[in-house]
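Dear colleague,

Here is the structure I said I would pass on. My notes on it follow below the display.

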Amino acid sequence: MEINEYVTFANPSQLERKRDKLEDIDLLNHGLRGKDSRVLLFWQGMPMVDSQSMPVFLEPKPKILDFLPTKVFLGTNSGIDYYAGEIALQSTSQPNVVAKPTLFDTKIYQHPNFPNYQFQNLRILLPLLGESLNAELLATSKALLGWHKAHKFCSSCGASSDLGHTGWSRICPQCKSEHFPRCDPVVIMLITHQNRLLLGRSYHWPRGMHSLLAGFMEPGESIESAVKREVYEEAEIVVDNISYVASQPWPFPTSLMIGCKGIALTEEIKPQIEEIENALWLEREEVMEIYGGFRTDITLPRKGSIAEFMIRKWLEGTLT
Ligand SMILES: [Zn+2]
């Protein structure tokens, strides 16, 4: 199978990650202040964007850096060193402007210290990103900053740990352990039976939304075993002929989506309500009707997700 298109966040890397620079412990303190540096700010996990919802890369003036307790080096492109930083939660004395974005939040947040820009949920920006350096910088910084936020303590001894290697590790001052950013593999699968596609919905999704079944891989499990287990656990459908399609870094918070396809050997769906709210088969023509806007009872994944990518390829006949 050959697909000449990349999933958002999965285009070939345009960043020199410069491992030698990662060893430079002073880089965050000195390099970040250079004229060839740019910094992407996040607030409560949301990137700073302009009025067109495009990410903003600021020159790292000292008064900006003062707002950033956590800073990371992302890499270099065309002579520019890119960094990202998370604005401190208590960065404003006005409690009513502290953003608390929800999963599918579509609101635009304004920070009083940056009145010319706005902060938006990265999930909502996905359809705008396409294959670009911006997408890679956003995915990398969102995942890395989120990992630091969730891993402030050493998992060996429990002491508070420090940022290491320009943001690519955490080092424990107590037991000297070094911890590296994790990436959680998730299988997501396009399961078909003749002309039909298997879809399901989670409880917390917006009303009517359905997507491909997915689930975290477990220790000691192969990709194929995870696909079989998840589809059976969620819908009691037996699948076989599983193969890899594409992958997508998914920084919500630090997943790697592994897109697969498989063929159902059984037809009767029994949605497991402790796992998912609903599962159903849709004919290819029904899926086209939904994407054509002719149905209001069901919505499907938005552009920018690997689920939308695989469903679109199936509709085009690229995935059989
Ligand atoms: Zn420790």
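This is a predicted model: local features need pLDDT of at least 70, side-chain atom pairs count only at pLDDT 80 or more; totals for chains, interfaces and linings use all residues.

Ser53 sits in the loop between strand E2 (46-49) and strand E3 (57-58). Its phi is near 65°, a positive value in a residue other than glycine.

Lys176 also has a positive phi, near 70°, and is likewise not a glycine. The loop that holds Lys176 runs between strand E9 (169-171) and strand E10 (178-179). Lys176 is exposed, since 10 other C-beta atoms lie within 10 Å.

Strands E9 and E10 belong to an open sheet of three strands, in the order E8-E9-E10 and with antiparallel pairing. At the edges are strand E8 (162-164) and E10, each of which pairs on one side only.

On the chain as a whole, the domain assignment gives domain 1 (19-150), domain 2 (156-181) and domain 3 (184-316). The C-alpha centres of domain 2 and domain 3 are 37 Å apart.

Next, Phe216. This residue is in strand E13 (residues 213-216). Is Phe216 buried or exposed? Phe216 counts as exposed, because it has 12 C-beta neighbours inside 10 Å and the limit for exposed is 12 or fewer. Leaving aside residues up to four places away in sequence, Phe216 touches Asp184 and Val186. From Leu138, Phe216 is 78 residues away in sequence, and the C-alpha to C-alpha distance between the two is 23 Å.

Last, a point on the backbone. The peptide bond joining Phe252 and Pro253 is cis, with omega about 5°. Pro253 is in the loop between strand E14 (239-250) and strand E15 (255-264).

Regards

Methods:
Residues are numbered from 1 along each chain as its sequence is written. Helices (H or I, at least four residues) and strands (E, at least two) are DSSP runs, numbered from the N terminus. A residue is buried if 20 or more other C-beta atoms lie within 10 Å of its own, exposed if 12 or fewer, and partly exposed in between; C-beta atoms are placed from the backbone. Two residues are in contact if their C-beta atoms, placed from the backbone, lie within 7 Å. Domain bounds come from an automatic or database domain assignment. Two strands pair if DSSP finds at least two bridges between them.
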